[in-house]
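Good morning, and thank you for making the time.

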Amino acid sequence: MCNRGLYEQIILDHNKNPKNFRVLPDANRQSEGYNPLCGDHYTVYLKLENDQITDISFNGVGCAISKASASVMTQLLKGKTKKEAEDLFAKFHQMVTSDPDKPVNEQELGKLYAFAGVREFPVRIKCATLAWHAMLAALDGKNTPITTE
Amino acid sequence: MTITLDRETIKQDRALTTEEVERLRNEFPILRTRPNGKPLIYFDNAATSQKPYRVLCAIDKYYKNQNANVHRGVHFLSEIATSAYECARKKVQRFLNANLSCEIVFTRGTTEGINLVSNSYGRKNVKAGDEILISYMEHHSNIVPWQMLCENTGAVLKVLPINREGELILDDLENLLSPRTKIVAITHVSNALGTINPIKRIIRAAHERGAVVLIDAAQSASHLPIDVQDLGCDFLVCSGHKMYGPTGIGVLYGRAELLDSMPPYQGGGDMILSVRFDKTTYNTLPHKFEAGTPHIAGAIGLGAAIEFLNSVGMKRIEAYERQLLDYATNILKNIDGVHIIGTAREKAGVLSFYMDCAHPHDIGQILDSLGIAVRAGHHCAQPVMEFFGVPATTRASFALFNTRDEIDALAAGILKVKEIFE
């Protein structure tokens with residue numbers, strides 16, 4: 001399998017220069033995501049006002065897939081409502097866990113389409129969704145760390 | 001004066017030649033697989049070793065021609081199976097140079113061996129306030145069972161520290177050993193760093209304080225010669241699957257006198273002499289510790305793996321793998337942005353490293369696309385990772401069938417990682 005399909009340029013760029021990669025001082029929600037298998041460990045910070053994500057950031061350590069996914073996530077979710085964030089996660093999750101031979105609705109997924117290559121590498125699905133799971137937990141006000149195990 | 005050369009010793013210490021390694025490679029059918037269309041380069045031997053034909057054939061032969069339960073049948077097959085199983089025990093005895101074959105207990109693996117000792121010897125002999133000494137570089141399997149024992153008994157876990165090279169700080173040993181130290185459990189070779197520990201010295205120091213010593217030989221048994229009588233250890237544990245044998249079988253060596261004094265670990269069939277509701281009499285060694293039908297095929301496979309190791313020669317394996325390690329270390333340490341973790345003077349064929357530009361998971365993925373199998377992660381040694389301040393490392397671990405060409409391919413793969421992520 002050619003890794004070019006996994007390491008799309010957009011993933012390499014976000015890995016090198018992640019967006020919103022910082023602690024959010026006025027966050028009112030935060031949650032940790034931890035993958036004990038590879039040691040990926042992130043905290044996702046949210047500022048949630050009237051059901052709307054007015055600001056979002058993350059920091060921590062992890063592989064290129066998990067870091068780029070977290071970075072793209074923070075870009076896409078700023079300004080979104082809780083429901084919109086959950087819907088976007090559902091679409092993303094559906095894509096990364098779908099059969100690699102099936103076509104993907106590129107338009108609907110936008111930037112997230114870059115992660116379609118993950119479908120070929122089942123162990124990397126956890127990397128791609130780690131920060132998203134932490135984000136969902138933060139939205140729900142759960143403070144216990146999310147692990148992928 | 002004439003100097004007489006001991007020809008046998010010289011021959012034994014000589015590393016394997018390229019031609020010999022090429023011949024040995026033919027014994028491993030898996031080396032013909034082509035992951036991602038590339039020839040397999042297997043550098044994950046510390047996780048599990050590959051299996052030569054003679055091991056696969058021994059297991060196949062057992063199930064096809066010899067399968068029966070052991071120690072309890074009068075029929076033809078049962079006698080053959082029992083004799084093959086007990087013959088495997090003798091092979092292990094000679095391989096480790098144990099005094100008696102009853103000192104060899106078959107387990108599921110290293111982890112079960114440690115749990116057996118901590119549950120049986122530990123619970124009988126360790127009291128509140130006693131101490132158990134392990135080291136900072138232990139695999140989780142040589143940490144957690146002792147923590148559990150401490151929780152159950154009120155004993156205290158002490159940890160021998162390591163330095164930046166990944167060597168035990170032996171100057172601290174004397175201070176950490178006390179008259180209250182009951183058990184010292186130390187790895188022979190670190191799975192995350194490759195360090196070979198001076199276990200003989202540690203065993204002697206522990207014995208002076210009256211403690212018993214368990215050696216975790218999971219990472220050494222197929223790489224270095226082991227002589228339990230020369231070492232003087234009380235217990236030694238290893239896993240068949242890391243020694244070219246099958247999974248699910250391992251060995252606990254224990255001094256007969258100690259094993260004899262220990263209560264059984266599990267109850268069931270085969271570990272008893274007689275069972276009455278008012279009184280059960282336990283079987284003799286080693287059967288007292290082998291409750292239930294054992295992994296007969298596994299033991300026979302392990303016996304075949306030991307024959308394989310003997311046919312190559314442990315000293316020659318050690319010398320060859322040391323050459324591989326030196327070759328790989330020299331190449332990797334000169335690649336900008338690559339940092340080797342574990343730079344002890346005495347090292348076995350384990351090369352753990354991290355890169356400035358890429359996470360171990362991504363390094364492992366790129367190498368995989370080139371047919372190179374390495375391990376990425378914390379290697380079940382989280383305290384070691386924490387000590388060096390990294391979440392994980394990439395680990396290449398060598399076996400007798402690896403070659404310099406394969407190490408060149410690893411170096412090329414690392415350069416490719418740099419090209420993609422830098």
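Helices (H or I, at least four residues) and strands (E, at least two) are DSSP runs, numbered from the N terminus. With that in hand, consider Asn20(A), which lies in the loop between α1 (9-16) and β1 (29-35) of chain A. Asn20(A) has a positive phi of about 55°, although this residue is not a glycine.

Some conventions are needed here. This is a predicted model, in which local features need pLDDT of at least 70 and side-chain atom pairs count only at pLDDT 80 or more, whereas totals for chains, interfaces and linings use all residues. Residues are numbered from 1 along each chain as its sequence is written, chains are lettered from A and ligands numbered from 1 in the order in which they are written, and side-chain values use heavy atoms, with hydrogens and water left out.

Leu285(B) and Pro286(B) are joined by a cis peptide bond, with omega about -5°. Pro286(B) sits in the loop between β10 (280-282) and α11 (296-312) of chain B.

Let me turn to the interface. Contact, meaning heavy atoms within 4.5 Å, links 15 residues of chain B with 21 residues of chain A. Between them the two chains bury about 1,400 Å², 51% of it on carbon and sulfur atoms; buried area is the accessible area (1.4 Å probe) that two parts lose on being put together, summed over both.

A salt bridge is a side-chain nitrogen of Lys or Arg within 4 Å of a carboxyl oxygen of Asp or Glu. By that rule, 1 salt bridge is found across the interface of chain B and chain A. Its partners are Asp362(B) and Arg124(A), with the closest N and O atoms 2.8 Å apart. Over all chains, the structure holds 24 salt bridges.

Finally, helix packing. Axes are lines fitted to C-alpha atoms, for helices over the stretch in contact, and angles run from 0 to 180 degrees between N-to-C directions. Angles under 35 degrees count as roughly parallel, over 145 as roughly antiparallel, 65 to 115 as roughly perpendicular and the rest as oblique.

In chain A, α1(A) packs against helix α2 (residues 64-77) at an angle of about 85°, with the axes 8 Å apart. The two helices are therefore roughly perpendicular. On the α1(A) side, Ile11(A), His14(A) and Asn15(A) take part, and they meet α2(A) residues including Ala64(A), Ile65(A) and Val72(A). The residues of this contact divide into 5 nonpolar, 4 polar and 1 charged, where Ala, Val, Leu, Ile, Met, Phe, Trp, Tyr, Cys and Pro count as nonpolar, Asp, Glu, Lys and Arg as charged, and the others, Gly among them, as polar.

In chain B, helix α12 (residues 314-332) and helix α15 (residues 404-421) pack at an angle of about 25°, their axes 10 Å apart. This makes α12(B) roughly parallel to α15(B). Among the residues making the contact are Tyr320(B) and Leu324(B) of α12(B), and Ile407(B) and Leu410(B) of α15(B). Here the division is 10 nonpolar, 1 polar and 2 charged.
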